[in-house]
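Please work through each task before turning to its solution.

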2 protein chains.
Amino acid sequence: MARPIQFDRSKAVDRALVLFWRKGYQATSLADLLAAMGIGRSSFYAAFTDKRSLFLHCLDLFAQRVTELIDRARAEASPLDALQGFFERSFVGTPSARDHWGCMMVNSVIELAGVDDDLASRASHYLAALQKRFQSLLEEAGAAPSEAGELAALLMLINEGIRVSSRRKLPGAPHLPPIAATFRLIRSAIA
Amino acid sequence: MARPIQFDRSKAVDRALVLFWRKGYQATSLADLLAAMGIGRSSFYAAFTDKRSLFLHCLDLFAQRVTELIDRARAEASPLDALQGFFERSFVGTPSARDHWGCMMVNSVIELAGVDDDLASRASHYLAALQKRFQSLLEEAGAAPSEAGELAALLMLINEGIRVSSRRKLPGAPHLPPIAATFRLIRSAIA
DNA sequence: TGAATTCTGGACCAATCGGTTCACAATCGC
DNA sequence: GCGATTGTGAACCGATTGGTCCAGAATTCA
């Protein structure tokens, strides 16, 4: 009946995700997307409805992958180590290009607040969920709920700061000492 | 010879600054600017060259006003109180609309990195200058230079985080406890 | 008042934007 | 093979983008 194999959908989405992550929503033109995804206009609209829908999909995907990242770390380490690893891992080892892309949720909140509030608030919602995850890890580590809430709020602030900072392409790894200091504070508060 | 009084230039720039601050560079169209500034197209180009130049000017102005803000606080309080006030003042008292606009330098870094690197790196440069100001205030408060450097880096992370967070229009004032916790840490580190 | 100068509203421009349409090519069941 | 079905490239669309241009209004000097 039909043509079974078209283009590799998940690969195309990945390419789009990278573009949106790096350049944001507005600066990524349809032409950019088509070139990166290696497909034509009509295939694009047939498969993804429109640019905004695809962005939404990529944003969801990004959030999902971030939580997977934490879950995987948690499976291999203590709650606090997993948490600290989540902050430090982004900046150690082989410096990848991604290190300078920040966080797509943070980027979207900044770029789209006041421009497309639906997209911005969805990104903000995902950040709130991430903060909840921070909190539950802190509670697993023995913090009282209220204390875990406050510390999670602090960690989210640090997280947002790190993602902004990483977009600045500063030389060296200037975020590591503040991260270490923050976790010293957290560990001493919990113990 | 000429027509002496035209439109109020500084007022027009202020209006443009607010627009760029709220909506960012790309989402602010020329039509938006002209409407807000209350001037015509030709006057705009005669006075400000083009949109990008005006944005640059507004960014410079924003950075200058932020440093003035700190200087004024410093004139009336101790180094540490001035510093803490800079972080807390943005969110207490009458909640103004500005509270949700974040920081134009942070916004520009996020929006324009990878899109217009010259603009982005200028914004980043101003953030670096602000961090230096943090550091000198910490040194004034008695911190050793190396320690002041690390604490200033932490404060810049918190600062960036706060500005991101403020764009999310979260209910309440969820940033105050983390700020307080951070300054407890700083004060105990210095004392 | 009249000439000189300057500022400005609005018409105009090419380029680009995201999105639609359609004829054709490619693959399927048979 | 052949008809049916479906994915796709390319032409096309109106809207909007940032930017230019110029005729005329406004103001100053003489």
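**Exercise 1.** How many residues of chain B are in contact with how many residues of chain A? Describe the area buried between chain B and chain A, and the salt bridges across the interface.

*Solution.* In this predicted model, a count of the contacts gives 38 residues of chain B and 37 residues of chain A. The area buried between the two chains is about 3000 Å², and carbon and sulfur atoms give 65% of that area. On the side of chain B, the three residues B:Ile110, B:Leu157 and B:Arg168 supply 24% of the area that this chain buries against chain A, which is more than any other three residues supply. Turning to charges, the rule finds four salt bridges across the interface; B:Arg168 forms a salt bridge with A:Glu160, where the closest N and O atoms are 3.0 Å apart.

**Exercise 2.** At what angle do helix H5 and helix H9 of chain A pack, and which residues make the contact?

*Solution.* Helix H5 (residues 79-88) and helix H9 (residues 176-190) of chain A pack at an angle of about 165°, and their axes are 10 Å apart. Because angles over 145 degrees count as roughly antiparallel, H5(A) is roughly antiparallel to H9(A). The crossing of these helices is right-handed. Among the residues making the contact are A:Leu83 and A:Phe87 of H5(A), together with A:Ile179 and A:Phe183 of H9(A). Sorted by class, the contact of H5(A) with H9(A) has seven nonpolar, one polar and three charged residues.

Notes
Residues are numbered from 1 along each chain as its sequence is written. Chains are lettered from A and ligands numbered from 1 in the order in which they are written. This is a predicted model: local features need pLDDT of at least 70, side-chain atom pairs count only at pLDDT 80 or more; totals for chains, interfaces and linings use all residues. Side-chain values use heavy atoms; hydrogens and water are left out. Axes are lines fitted to C-alpha atoms, for helices over the stretch in contact, and angles run from 0 to 180 degrees between N-to-C directions. Helices (H or I, at least four residues) and strands (E, at least two) are DSSP runs, numbered from the N terminus. Angles under 35 degrees count as roughly parallel, over 145 as roughly antiparallel, 65 to 115 as roughly perpendicular and the rest as oblique. A crossing is left-handed if the near helix is turned anticlockwise from the far one by less than a right angle, and right-handed if clockwise. Contact means heavy atoms within 4.5 Å. Ala, Val, Leu, Ile, Met, Phe, Trp, Tyr, Cys and Pro count as nonpolar, Asp, Glu, Lys and Arg as charged, and the others, Gly among them, as polar. Buried area is the accessible area (1.4 Å probe) that two parts lose on being put together, summed over both. A salt bridge is a side-chain nitrogen of Lys or Arg within 4 Å of a carboxyl oxygen of Asp or Glu.
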